[in-house]
Amino acid sequence: MVRTGSTTAILAAVLFGVSTPMAKLLVHDLSPWMLAGLLYLGSGTGLGLVRLVRGLVVSAERSERSIRGTEWFWLLGAVLAGGIAAPVLLMSGLAATPASSASLLLNLEGVFTALLAWFVFHEGFDRRLVAGMIAIVAGAVVLSWGGPVDIESGWAGGWGAAAVAAACLMWAVDNNLTRKVSLADPMDIAAIKGLVAGGVNVGIALALGDGMPAVPTMIAAMLVGLLGYGVSLVLFVFALRHIGTARTGAYFSTAPFVGGIASLAMFGEPLTAGMIAAAVLMGIGVWLHLTEDHDHEHVHEEIEHDHPHVHDAHHQHGHDGPVTEPHSHRHRHGRLRHRHPHYPDAHHVHTH
């Protein structure tokens, strides 16, 4: 599953990275609040329509299950942290923080995501994984470095820098809480997050005196949001399901590099030494993760749950009739001890 998880995580980073220069084309016509709101609304509305059409057309057994039970509380926490609190903190911090400082601080999201995954949610890690994470984050820092930091403008302990760092922490909380619901339909998760976050941000923009933009501009922003925020988030959730939060966050940290490459083609920006150095560092980090070999004897305690699956070594149960693969239903796992390469998916959340 690592290949599936790493591939979807990198694709998520590509879509999100490309959306940044695309959004740059629109930022002159929209306020930051309105642009953020329309990007999120495009994500939620587009995925919601796809979900509705899929439900009307597909009559066979669903391979994905709906959100249920306590997962709604985890999702609510993720939306509040990443869709509402983080944008408010970021916009407040950007108003009092130099662009160079803010760019460097935004790299804290990947660091906070991994630290929370490892030390709060007890996701397993080893030295190779940590080294890969450090290399990827170092590449992001090199890419965003804009020269000497303007200390007088608030880098050294100012509230603006603190607000940007707090926004990164909120996104890290969002990433880890979203992992808690990653067994549910990723399209449902992304649609709900987009609609709620988009509605809140557009509401804030209107409250601050913004008007709704022209229809072509609004449609363009929502289309960018559908791909860069919606489809990207669906892929991100799939990656969370297969390889865990820290690894997914590390791969997703390559998004700024993707955005930089896209900007070369879109705006004719020069290829800099920083971009080359970032590519080398991120390449090393991704290689360390892709070649990770996490293999040891472990115990699966008895558990009953519901998630999409196929009849592999962890799913040996019968059905009353024919089924499609993959499929989703409630099933029980007996206690099992074995050894094989694995990653922190839904069946491997043990401590080390």
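**Exercise 1.** Which residues does Ile-189 touch, not counting residues up to four places away in sequence?

*Solution.* Keep in mind that this is a predicted model. Start by skipping anything up to four places from Ile-189 in sequence. What's left is Ile-67, Leu-75, Thr-178, Val-181, Ser-182, Ala-184 and Val-237. Next, look at the core: Ile-189 is listed with Leu-47, Leu-75 and Phe-236 as the residues with the most contacts inside the largest nonpolar core, which has 20 residues. Then ask who supplies that core: helix 1 (2-24), helix 3 (71-94), helix 8 and helix 9 (215-243) each give two or more residues. Helix 9 gives the most, with six residues.

**Exercise 2.** Work out whether the end-to-end span of helix 8 (residues 186-207) agrees with its residue count.

*Solution.* Count first: helix 8 has 22 residues. At 1.5 Å a residue, they should span 32 Å. Now check the end C-alpha atoms: they are 31 Å apart, so the two values agree. Then take a look at both ends. At the start, a side-chain oxygen of Asp-185 reaches to within 2.9 Å of the backbone nitrogen of Met-187. Just after the helix, Gly-209 takes a positive phi of about 105 degrees.

**Exercise 3.** Is Arg-179 buried or exposed, and which side chain does its own side chain join in a polar contact?

*Solution.* Find Arg-179 in helix 7 (residues 159-179). Its relative accessibility is 15%, and buried means under 20%, so Arg-179 counts as buried. For the partner, go to Glu-123: a polar contact of 2.9 Å joins the two side chains.

Conventions
Residues numbered from 1 in each chain as written. Predicted model: local features only at pLDDT ≥ 70, side-chain atom pairs only at ≥ 80, totals over all residues. Heavy atoms only, no water. Helix = DSSP H or I, 4+ residues; strand = E, 2+ residues; numbered from the N terminus. Buried < 20%, exposed > 50% of the residue type's maximum accessible area, 1.4 Å probe, protein only. Polar contact = N/O pair within 3.5 Å; in protein donor to acceptor, adjacent residues only side chain to side chain. Expected span 1.5 Å × (residues − 1). Core = buried A, V, L, I, M, F, W, Y, C linked by side-chain atoms within 4.5 Å. Contact = heavy atoms within 4.5 Å.
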